[in-house]
Amino acid sequence: MHASSSDPGNLWLARILWDSGAVEFGKFNVGSTTDSPIWVNVRRIVSNPRALRAVGQLIREHTRTLSGMLRPAMAPFELVAGVPIGGLHIATAYALVADLPLIYPHPRAGTERYEEIEGSYFPGQTALIVDDLITGGTSMLATAETLRSAGLMVHDAVALLDRQAGGQQRLKAVGIQLHALLTLEMLLNYLESSNRITEAQYARCMAYIQRTNEY
């Protein structure tokens, strides 16, 4: 199982999420996700070693492409910063295949606030934030704030899946460019075109994305 299989990288990711049982339909209220007809549990990937390794390779290919453009779409960075908890596993997989130092903010007990950074770093270094999924961007913003408070620079963030619920815009407002390997719309297009979901499921989910983007 490799990201360079017959499916392009983003479609490979869509397929592995489906095959892992990560995509569910119903009515979900989890965290900042409310009244959603679809739930994607990206963390299912961590139980599949081959998929987790391939995800790390996929992020490496993605960041290399963005950094190697004539006009690079991603700033140079020296550190990988994982977002606890789900993003930390993905960041670790990427850091291992890219041979980059990993750091992560340590949550304060009983809260969603971060009080310190684990790992070795120096003020003035640049960190790439990595998370498994972004909805409203709260976790990524908290991570960025902690890193910047410690003197680190943050210009870019990577997520495996963007639920298209305003997170990208909120990151952009504080000077961070989001690079998502897959969007919820891309996932749904793949599932519908490959007859994995019904037209009714597809229509409900697309209407939800439209409503979410209106807020």
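## Pairing of β3

In this predicted model, strands β3 and β6 (residues 126–134) run parallel and are joined by 4 bridges; strands count as paired if DSSP finds at least two bridges between them. Within this pairing, A81 lies opposite I129 of β6. β3 also pairs in the parallel sense with strand β4 (residues 102–107), over 2 bridges. There the residue opposite A81 is I103. From β3 the chain passes through helix α3 (residues 86–98) to β4, a β-α-β crossover that is right-handed. Right-handed here means that, with the strands pointing away from the viewer, the path from the first strand over the helix to the second runs clockwise.

Strand β3 (residues 79–82) is covered on both faces, with L79 and A81 buried on one side and V80 and G82 buried on the other. Buried stands for under 20% relative accessible area, exposed for over 50%, and partly exposed for values in between (1.4 Å probe, protein chains only).

## Basis of the description

Residues are numbered from 1 along each chain as its sequence is written. The model is predicted, with local features requiring pLDDT of at least 70 and side-chain atom pairs counted only at pLDDT 80 or more, while totals for chains, interfaces and linings use all residues; side-chain values use heavy atoms, without hydrogens and water.

The protein has 7 helices and 8 strands. These are DSSP runs, numbered from the N terminus: helices are H or I of at least four residues, and strands are E of at least two. Of the 215 residues, 46% are buried. Contact means heavy atoms within 4.5 Å; among contacts between residues at least 6 apart in sequence, 60% join residues at least 24 apart.

β6 and β7 run parallel and are joined by 7 bridges. One of the bridge partners is A159 in β7, paired with D131. The chain goes from β6 through helix α4 (residues 138–149) to β7 in a right-handed β-α-β crossover. In strand β7 (residues 153–162), 8 of the 10 residues are buried.

β7 pairs in turn with strand β8 (residues 177–183), in the parallel sense and over 6 bridges. D162 is opposite T183 in β8. The crossover from β7 through α5 to β8 is also a β-α-β crossover and is right-handed. Helix α5 (residues 167–173) contains K172, which is exposed at 63% relative accessibility. K172 and H155 are 17 residues apart along the chain, and their C-alpha atoms are separated by 9.4 Å.

Helix α2 (residues 49–67) has 19 residues, which at 1.5 Å a residue should span 27 Å; its end C-alpha atoms are 27 Å apart, in agreement. The expected span is 1.5 Å times one less than the number of residues. Buried residues of α2 include A51, L52, V55, L58, I59 and L66.

In helix α6 (residues 184–193), the buried residues include L184, L187, L188, Y190 and L191. They cover an arc of only 160° around the axis, and therefore lie on the same side of α6; the arc is that of the directions from the helix axis to the C-beta atoms. An α-helix has 3.6 residues a turn, so residues three or four places apart point the same way. N195 follows α6 and has a positive phi, near 60°.

## Loops and backbone geometry

Most residues other than glycine have a negative phi, and most peptide bonds are trans. The bond from P84 to I85 is cis, with omega near 0°, and I85 is in the loop between β3 and α3. D99, not a glycine, has a positive phi of about 55°. D99 lies in the loop between α3 and β4 and is exposed, at 69% relative accessibility. Q164 has a positive phi near 60° and sits in the loop between β7 and α5. At 16% relative accessibility, Q164 is buried.

S120 is placed in the loop between β5 (114–118) and β6 and is exposed, with a relative accessible area of 63%. Leaving aside neighbours within four places in sequence, S120 is in contact with L79 and I103. S120 and L79 are 41 residues apart in sequence and 9.4 Å apart from C-alpha to C-alpha.
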